[in-house]
Amino acid sequence: MRIFLDPGHGGRDPGACHKQLKEKDLTLAIALRIRDQLTQHKDIMIKLSRHVDETCSLSDRVLLAERFKADFYLSIHINAGGGTGFESYRYLNTSKKTGDYHQFIHQTICQSLDVTDRGMKKGDFYVLRKTSMPAVLTESLFIDHPLDYVALFKSSMVEKIVAAHVKAIISVKNTLLKPNSIVCGSFKNIILANKRQAELSQHGFDVDIIKANVNGAPFYRVIVYDDGVTPNVEARLNALV
């Protein structure tokens, strides 16, 4: 999987600023830490739009991603404007694939950060409109909110944002890039879902739990992946029934 990380702003464009913090510094620090953690995964290739505090035009960012032949474009930002919490964006008109990517990224990050969920949104941002691959833009906390500002000053919060993005990317890779999946149970109770996952894992299946919302209520789907190489996945599952 090829991931293009785009730390927003940079150089002459500081992004949102408040007191001692600048958005361009935070986004770069977050992107570099995401890169460092993802390089541990041999099946993931990473490219950044910038590695230092330099000006990079929006068109250059898109061009770099296209030349890299990225599978996914992730634009990283810090919000401003008096709110608080996390929100994310995809383009106004996108494919189902982009919508699926957006859902996984948003839900994973929001749950990991444990902040106000401001929702999955659509926006006419250049890097979302001009990229040919699925693209999502994240806005983590508000630089001008008193509590968010204090939190963003702490390295622990930056690491939390990094870990949330890494977890989201791995979730996308493990779930959406696998060709086939088989639902092996849908539970309202996470304990029951964990029990089912453990049972299937003991039989050698590649299994995961995906949280979904149905009419506002959480459900936990137990998924077994069929990579097309492992023999008789479906037959083996049927034998367990």
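## T138 in strand β8

T138 sits in strand β8 (helices, H or I of at least four residues, and strands, E of at least two, are DSSP runs numbered from the N terminus). The model is a predicted one, where local features need pLDDT of at least 70 and side-chain atom pairs count only at pLDDT 80 or more, while totals for chains, interfaces and linings use all residues. Residues are numbered from 1 along each chain as its sequence is written, and side-chain values use heavy atoms, with hydrogens and water left out.

With a relative accessible area of 0%, T138 is buried (buried means under 20% relative accessible area, exposed over 50%, partly exposed in between, with a 1.4 Å probe and protein chains only). Its side chain makes a polar contact with the side chain of H165, at 2.9 Å. A polar contact here is a pair of N or O atoms within 3.5 Å; within protein, one must be able to donate a hydrogen and the other to accept it, and residues adjacent in sequence count only if both atoms are side-chain atoms. Setting aside neighbours within four places in sequence, T138 is in contact with L74, S75, I76, H77, F86, E87, S88, I105, I109 and H165 (contact means heavy atoms within 4.5 Å).

Two strands pair if DSSP finds at least two bridges between them, and axes are lines fitted to C-alpha atoms, for helices over the stretch in contact, with angles from 0 to 180 degrees between N-to-C directions.

Now for the pairs around β5. β5 and β8 run parallel and are joined by six bridges. Across this pair, H77 stands opposite E139 in β8, and N79 has F142 in β8 as its bridge partner. β1 and β5 also pair in the parallel sense, over five bridges, and I3 has F72 in β5 as its bridge partner.

## β5 and S75

β5 is mostly covered, with eight of its eight residues buried. F72, L74, I76 and I78 point one way from the strand, while Y73, S75, H77 and N79 point the other way, and all are buried.

S75 has its place in this strand, β5. It counts as buried at 1% relative accessibility. Not counting residues up to four places away in sequence, S75 touches D6, V127, V136, L137 and T138.

## Helices on the sheet

Which residues of α5 are buried? They are D148, Y149, A151 and L152. Seen down the axis of α5, these fall within an arc of 165°, so they line one face of the helix (the arc is that of the directions from the helix axis to the C-beta atoms). P146 and L147, on the other side of α5, are exposed.

## Two nonpolar cores

The largest nonpolar core has 42 residues, and L5, I30, I34 and F72 have the most contacts inside it. Such a core is a set of buried Ala, Val, Leu, Ile, Met, Phe, Trp, Tyr and Cys residues joined through side-chain atoms within 4.5 Å. At least two residues of this core come from each of β1 (2-7), α1 (23-38), β5 (72-79), α3 (96-113), β8 (135-142), α5 (146-153), α6 (155-176) and β11 (217-226). α6 gives the largest share, 10 residues.

Leaving out residues up to four places away in sequence, I34 touches L5, I76, V162, H165, V166 and I169. A second, separate core of 13 residues includes F4, V62, Y91 and V127.

## R129 in α4

R129 is found in helix α4 (residues 126-129). It is partly exposed, with a relative accessible area of 32%. Beyond its neighbours within four places in sequence, R129 is in contact with Y91 and D124. R129 and S181 are 52 residues apart in sequence, and their C-alpha atoms are 30 Å apart in space.
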